[in-house]
Amino acid sequence: MRIDKEALTESSKGPGKKVGAVLVVGGGIVGMQAALDLADSGYYVHLVERSPGLGGIMSQLDKTFPTNECAM
Amino acid sequence: MGCGICAAKCPKKVPDEFNLGMSKRKAVYVPFAQTVPLKYTIDRNACLYFKAVDAGKKGKCKACEKFCENNAIDFDQKEEVIDLNVGSVILAPGFQAFDPAGLEAYHYTEFKNVVTSMDFERVLAATGPTEGHLLRPSDNKEPGKIAWLQCVGSRDINRCDNAYCSSVCCMYAIKEAMIASEHSHSPFDATIFFMDMRTYGKDFEKYYNRAKYDMGIRFIRCRVHSVEENEDTGLKVSYVNDNGDTRDENFDMIVLSVGLESSACAMDLASKMGIELDQYDFAKTSPFRPVATSKSGIYVAGCFQGPKDIPYSVMEASAAAAAASTDLASVRGTLKRVKEFPPERDVSGEEIRTGVFVCNCGINIGSVVNVPEVAEFARTLPDVTYVQENLFSCSQDAQDQLAGVIKEQGLNRVVVAACSPRTHEPLFQETMSNTGVNKHLFEMANIRDQNSWVHGSDPEAATQKAKDLVAMAAAKANYRVALEPIEVPLTKSTMVLGGGPAGMTAALTIADQGFKVYLVERKEQLGGHGLKMRKTFTGEPVGPFLDETIKRVNGHKNIEVHIGAEPVKVTGFVGNFHTSLDTGVEFDYGTAIIATGADSVSVDEYLYGQNPNVMKWFDLDKKIKEDPDFIRETKCAVAIHCVGSREPERPYCSKICCSHAIASAIDLKELNPEMNIFMLYRDIRTYGRLEELYQKARSMGIIFVRYDLESKPKVEEVDGELRVTVMDHVLGRPILLAPDFVTLYTAIAPRGSEKLSDMFKVTLNQEKFFQEAHMKLRPVDFSTDGIFVCGIAHYPKPLDECITQAQAAASRAVTILAQEKVVIEPIVAAFVERDACRGCGLCVALCPYGALEIEDTTEGRKVKLISASCKGCGICAATCYRHAISINAFTDTQIEAQMHALLHH
């Protein structure tokens, strides 16, 4: 989902209280999996990636061991 | 829209970082074709306009803006700082590949044909600079002979500071060598120069064997110290072979297998977050809390935690999610957003009114396919009442317009002829739902990826094919019916099988989030192999952790512990399982985690069981703990590695034996520094930070002697004393040892997995370890929904990895338990004609997901469909010779209508 200003303000309420949102830094395979698990578990996730797209280093790999499946 | 016109018109080319500078990209670009979002970005440092502006001059160019047909370029956008308030943070910044430019001996920056393994990945890739053709950089000729040099930037304290093993290079080098030889057109010679072959993971050893014996890849045990360039840009490598002779050999190309390290960016992130790093600049964690950083509420996953492969990174991602989720369980769902749609219009009684939308996709389709002609053709199709051409069907404007047209024209079927349903079907379906029309009354024709992109040289035929595809989609749409998501109830509890460290960690991670757990342990006490562990490989005592864990499990209000119990019957499916234990207890639960462990095997070689001083694994640890005087009084100890592992009978590495053996040897040496200790090994596999153990052992004077499978050591008893003979490779002759005791590191093999595999309908690999759904991307899931695996029942692994995997399995289970019901997309198997089913069971036997069962009904034997477990693969429908079953949205009628349209329009 794209950045949602409403959600941003909502999750900015009340410092000191627990917030049901998580910041995930890094949009590679790890950041994406963590973000998906958290979103599926009922949390709002802010997934932050430095480059213009998701995918990380895994997208630069050709095949993966030990199955020789395409990394893409 | 991702049409790419901006990039086509941009005049500025810069090196493409995705291909590591081996090709060029434009200043306006997408990082790679499959990225998400597929939106072009301006690289401010390369853009001619911005470069001028940033230098204080008047900016020119803006070609991209001029040519963009959708006004999607805005040069006035400014960087914004956004404040976020979050409950937890997960750091997953990844790694950077070691830069070998500083290692002069390899001449990476001077010799063109010396590349890194990351460079070589791009050379092999179809999307890379050579489009997957195996060509070397100096002359674009196909190399016939390539050498891989291992441990570049790893296991090296002389030339760089990375003392650790990078964990993945042995395997990726084998992979690159295999793929390169598949790409090669001529006889191909791939050679890997290595120190220890570290193929320690699940199915890795078999991969190594395949490379060595089936594909003829050469493995030479030697660290190459320098590379020279020949006149023809070929490369000369000098090395010392097994017999101690120095050899020179020429190669066309050299790949440096570079290690993984933390990037400056990741370290900067760590310092901003205030978390501690270890001596290698990875995030500091503890083996008992492997994803927790030094700061509460901040977790780490992936290679910033330590060098590791993809599956273990993915496990850590889920584990970190579980840790964050545990902290925030009390506010779960408070910020969750649910999309709401207007009530659906019942279209079942209406006449069919199909709208066809033909997309130009900028020039992607329109420059090849005659779109107006296709649109005209669509008007002639039966039941098509509205046709429209779009420049970009996926734009926000086009979506709003589509919604308007559906309402105005009273459309009850929509066909979009455009790009791929893989990327865009959900978007169009959402627009339909927004207008109150069931999203399954939609059909897509892919006239871009499967047409204009591949038939660019033949516009006429491409136009004809587009018509065929549109006719087929419209014909199928006629038979599409409204489908509703299938909902089944969910029992919000989990059964965890196995009360060792993995099972207990999984149970606590779920119970701490407020869900009920039934923890079932076969033995009369909790703890599993943890009870026998004195300390972790990094030296922390295990006892206090285990005591605390057992205490927490026993006292937890959400955990019901059943010790001395085993399941005898398991029925049901995701959300609705039922189990009977042999103690007579029965319960319902929604998800299950299998953590039943594995054991070290006993062997009948090396006098095991015949001489009391031939021990295995924990026998020695027990001796160290209970009888230290024995250790102090002995003079010589021998440890034999790979006993029963990496042999034809068990062609896998048991992964933890090297580290355990070395850690125990260090203990022996500390208790008795005078003791002579010999480690008889095949490869030392102290991967990652465990390499420290190996370094320490060698510095303490522990002696490592390598043996081959062909010349295994001999253990004999002479006059009541042990004698060990082993062939020494360095000396080239056998050496005779007279140890006081011998410790065997025997293989670790699963226990009782076959019975559980039958009971839960989950699969095992050849060695009877539980088989995950996907080796890389679903490392703790089974193909059968709602069941997960962790610990050494999956594969041998050290305690910290068991804990990570247990947290990961818990995270996966919680993604189900956190819902109110099990909701599934209705693209599943359904009866067309239940009467036709004879209950023959063919489909049941073939279903890979356990989604079909035979039941006795009043009408006889019938198949029972368990929609919650169905993945819609269609094997049952294809198998059923009675045509009783089909897949929703892929029915025989629909497919026949498509074929009819293709052949007769």
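A: S1(A) pairs with strand S5 (residues 88–91) of chain B, parallel, over four bridges. Strands pair here if DSSP finds at least two bridges between them. Helices (H or I, at least four residues) and strands (E, at least two) are DSSP runs, numbered from the N terminus. The model is predicted: local features need pLDDT of at least 70, side-chain atom pairs pLDDT 80 or more, while totals for chains, interfaces and linings use all residues. Residues are numbered from 1 along each chain as its sequence is written, with chains lettered from A and ligands numbered from 1 in written order.

Q: Which residue in S5(B) is the bridge partner of A:Val25?
A: B:Leu91.

Q: How many residues of chain A are in contact with chain B?
A: 49 residues of chain A, against 64 of chain B. Contact means C-beta atoms, placed from the backbone, within 7 Å.

Q: Which element of chain A gives the most to that side?
A: H2(A), with eight residues.

Q: New topic. What is the strand order in the open sheet of chain B?
A: S30-S37-S31-S32-S33, five strands with parallel pairing. S30 (614–616) and S33 (703–706) of chain B are at the edges with a single partner strand each, so one side of each has no neighbour in the sheet.

Q: Over how many bridges do S31 and S32 of chain B pair?
A: Five, in the parallel sense, between residues 636–643 and 676–681 of chain B. One of the bridges links B:Ala639 to B:Met679 in S32(B).

Conventions:
Contact = placed C-beta atoms within 7 Å.
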